Amino acid sequence: MVVSNIDLTADSQIMKPAIFLSADTKEPVLNLNNDYRYLKTGYYVSLHAEVLGNRVIPSCENILDSNRTPLLLLRASKAGIPTLPFIVTDLVTKIAAELGFPLVLFAVNPFIHEGYKTANNKSALYRAVKSLGMNYKFAVCAQPLKGQIVTIKSFFGKCPDQDQQTQRISQQVYDLFKIPLCKLHVQKTPDNTYLCGLQALDKEELSKQDIERISKEVSLLLEQGEPFGV
């Protein structure tokens, strides 16, 4: 069963989240949503499927881990996906002392949806930590900025318009977390590409071509009899 808040063009029956959440259907679920964050509809679809005992992609565990940048990077690193060192703290002095400049910073609080911020000096770092940490109430995840930050759309781990290193990271992240639709932030240096963060897509970011690509992947999975298991 495919449950989606996106108007796909796939030649198959797609159930809307509101209908699925009020039903007690017992079958494997492919949950396609532009936003899987905690307490968002995409999260509740997977939670409902798991409560019913259904296999579901993505699982709640993978949703929560992938949306916490430190957990994303930790699991990715253990799986062999290139990442850079990071620290989690609310102390500007600790970040500056341990990582220096420039930096890229992500929120740890799951209710912040601002992507990332960069800092080239201490003043910019204070502003970034204040913003991402909700006035210094929460820690942030800081990483050294070694190259260019590039944001890509990943659909089932595929991003064919990117270079081979980025395509490989996108596929590795999908193989590990099974998040069908997301944005990935990567750092590109002259020698390598590193995973930096994962972010939900805004629905307005999905172009007509994107929806056609997603629909094509869904049709292919259904033709192959993909069990949507985890």
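Q: What makes Lys-146, Gly-147 and Tyr-194 count as touching Thr-189?
A: Contact means heavy atoms within 4.5 Å. In this predicted model, Thr-189 touches Lys-146, Gly-147 and Tyr-194, leaving out residues up to four places away in sequence. You'll find Thr-189 in the loop between strand S10 (181-188) and strand S11 (193-199).

Q: Why is Thr-189 called buried?
A: Buried means under 20% relative accessible area. Thr-189 comes in at 17% relative accessibility, so it counts as buried.

Q: Which residues is Val-3 in contact with, leaving aside its neighbours within four places in sequence?
A: Among them are Met-15, Lys-16, Phe-20, Leu-30 and Val-45. Val-45 sits 42 residues away from Val-3 along the chain, yet their C-alpha atoms are separated by 7.9 Å.

Q: How do you know that S1 and S2 pair up?
A: Two strands pair if there are at least two bridges between them. Two bridges join strand S1 (residues 2-4) to S2, so they qualify, and they run parallel. Take Val-2: its bridge partner in S2 is Ile-14.

Q: What makes strand S2 (14-15) and strand S4 (56-57) edge strands?
A: First, the sheet: four strands form an open sheet with parallel pairing, in the order S2-S1-S3-S4. S2 and S4 each pair on one side only, and that's what puts them at the edges.

Q: Where does H2 lie, and how does it run relative to S3?
A: H2 lies across S1, strand S3 (29-32) and S4, at about 170 degrees to S3. Its buried residues are Gly-42, Tyr-43, Val-45, Ser-46, His-48 and Ala-49. They pack against S1, helix H1 (17-21), S3, S4 and helix H3 (60-66). After H2 comes Gly-53, with a positive phi near 85 degrees.

Q: Why is Tyr-44 called partly exposed?
A: Partly exposed is the range between the buried limit of 20% and the exposed limit of 50%. Tyr-44 has 35% relative accessibility, so it counts as partly exposed. Its place is in helix H2 (residues 41-51).

Methods
Residues are numbered from 1 along each chain as its sequence is written. This is a predicted model: local features need pLDDT of at least 70, side-chain atom pairs count only at pLDDT 80 or more; totals for chains, interfaces and linings use all residues. Side-chain values use heavy atoms; hydrogens and water are left out. Buried means under 20% relative accessible area, exposed over 50%, partly exposed in between (1.4 Å probe, protein chains only). Axes are lines fitted to C-alpha atoms, for helices over the stretch in contact, and angles run from 0 to 180 degrees between N-to-C directions.
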